[in-house]
Amino acid sequence: MRLDEVKNSVGIYKQMRGILLLIMLIAPTLLAAQKGTYLISFTDKLSSPFSITQPNEFLSEKALQRRAKQGIEIDESDLPVNSSYIDGLKRQGAEILYTSKWLNAAVIKSEQSALADILALPFVTITNLSSGTLSPQSDDEEFVPATDYGRSFRQLSILDIDLMHTVGFRGEGIDIAVFDGGFMGADTIPAFQHLNILSVYDFVGRDHEIFAHSDHGTLVLSTLASQFPNQLIGSAYNANYHLLRTENSSTEERLEEFCWLVAAEYADSAGVDIINSSVSYSDFASPIDSYEQSQMDGKTTLVTQAANWAFSKGMFIVASVGNEGQNGDLPSIGAPADSPSVLAVGSIRFDGLISPFSSQGPSADGRIKPDVVALGNGTVVSRSNGSVSTANGTSYSAPLVTGLVAGIWQALPQLSNAELLELIRKSASDYDRPDNIYGYGIPSFEYFLNNYNLLDEAYFEGVQFGLYPNPFSNKFTLYSDKFLPEEHVRLTLFGLSGKVVVEMNNEWENFQSSFQIKNLQNGLYIGKFSTSKHQVVFKIRKLN
């Protein structure tokens, strides 16, 4: 979806504020005796103390820079909820749990007897409730040597993230928000001692106790941010992080969608670039609240609407597609992965085949889902006690891709989120033959390295280069699909530690140039080939 289409969608959503998802905490039989939790929608943002002409009063400098870079205007949806409306609810005895500026709404806890007075307030448009229950509550190295990756090398190399790290893109300057169920141990384990954490918040418990609930977020974060030499290296270990708890791991209720929404609003205001969401919503504890696949249409669920709004503000969203693939050929994706603005990630095994649990598309309106896949079977992770082991799930393939996105956006900051989303798909292995099992396939950093000016010298547009054989034994050949009149080509061969191991010149003739290299240890290398007008980079593997 183009950015202008997303903006139009936001406008439609603002006109449909009266059609709200049903969020309720207490079973109907208890309403007379206990407080219930309700979603309240407001009519407008009139008489707000804030103005879109002074956005620095409610958005961070980083958020303003992100909008300016992508040409995104400040609009009414950016304004906080009118504080006088919140005060009006409080005067009726309501306890405010959450507010949402994008939805222009609040979640409150209130006696049922007070609802009539709340509905009578001139700024309230609707109050909805449903059945169901809920219990709310560094030192950086210039390069990372291949040996430092330990068992995590394979999960990174599948996406060419080892190559991305080698040429210098490890997430520096990119702000990533991780939405999850808790980060137990993430404040103490060795893998995160280098981590630059910008903020933490628990939107479920409405406090800062994110390290006291669940280790699911810890495992997810470890595939992204670990720097544990010879054990586990994350895909974007030098990025900046916001750790936000949006998921109640002890149950599954619709209020968690609202937590996701307000966390996204917070991330926007804080200037976050990328949201990683390894949570997926379709089935809830109360069957009446569960979604049908017909509702996975990119616009119906609250969490998907929230993702669309977040994208319209310039953020990039990566989400797990879900772990319901055992349903066979039936679509089984969860929200917000159904959004056209979300990069939905499925899971593959080490052999490249789809993981049996990886949810399948299409979306209800017929779009390809998942978008891409990465390793989610036997993914190397760090546990809350600091031990390194493996885990299965699209929860762990998604953050690998998030790190790839971070490195690419670091390398190509001029891209909008919409442009980046399309290019990630285009870089994938099956872009020309997508399906609803693998999506567009495995995305690749090498695609960006060989098609964009990521190094000192520009690439020559319109010329396709190739290398064969690869792996090689003692000799390989660089070739092009067009005649190039250069007299010679220079090879610089790097080890993954960044050290130059071979430098040599060779003749370029008859569309190709061959290189014979002896006495080189088996392993993976980075080869940079340069002529007077061209440059191309390949990963090259030496095998006897």
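This is a predicted model: local features need pLDDT of at least 70, side-chain atom pairs count only at pLDDT 80 or more; totals for chains, interfaces and linings use all residues.
I started with the strand order. It reads E6-E9-E5-E10-E11-E12-E13, an open sheet of 7 strands with parallel pairing. Next I looked for the edges: strand E6 (196-202) and strand E13 (372-375) each have a single partner strand, so one side of each has no neighbour in the sheet. I also looked up the twist, which averages 25° from one strand to the next.

**One pair up close.** I picked strand E5 (residues 175-180) and strand E9 (residues 240-245). They pair in the parallel sense over 6 bridges. Isoleucine 176 sits opposite tyrosine 241 in E9.

**Helix H8.** What does this helix lie across? I found H8 (residues 255-270) lying across E5, E6, E9, strand E10 (274-277) and strand E11 (316-320). Against E5, H8 runs at about 170°. I checked its length too: at 1.5 Å a residue, the 16 residues of H8 should span 22 Å, and the end C-alpha atoms are 23 Å apart, which agrees. Is H8 enclosed or open? Counting residues under 20% relative accessible area as buried, I get 14 of the 16 in H8, so the helix is largely enclosed by the rest of the structure. After H8 comes glycine 271, with a positive phi near 85°.

**H2 meets H8.** The axes of helix H2 (residues 61-70) and H8 come within 5 Å and cross at roughly 85°. The two helices are therefore roughly perpendicular to each other. I noted who makes the contact: Lys62, Ala63, Arg66 and Arg67 from H2, with Asp268, Ser269 and Ala270 from H8. Sorted by class, that contact has 4 charged, 2 nonpolar and 1 polar residues.

Notes. Residues are numbered from 1 along each chain as its sequence is written. Side-chain values use heavy atoms; hydrogens and water are left out. Two strands pair if DSSP finds at least two bridges between them. Helices (H or I, at least four residues) and strands (E, at least two) are DSSP runs, numbered from the N terminus. Axes are lines fitted to C-alpha atoms, for helices over the stretch in contact, and angles run from 0 to 180 degrees between N-to-C directions. Contact means heavy atoms within 4.5 Å. The expected span of a helix is 1.5 Å times one less than its number of residues. Buried means under 20% relative accessible area, exposed over 50%, partly exposed in between (1.4 Å probe, protein chains only). Angles under 35 degrees count as roughly parallel, over 145 as roughly antiparallel, 65 to 115 as roughly perpendicular and the rest as oblique. Ala, Val, Leu, Ile, Met, Phe, Trp, Tyr, Cys and Pro count as nonpolar, Asp, Glu, Lys and Arg as charged, and the others, Gly among them, as polar.
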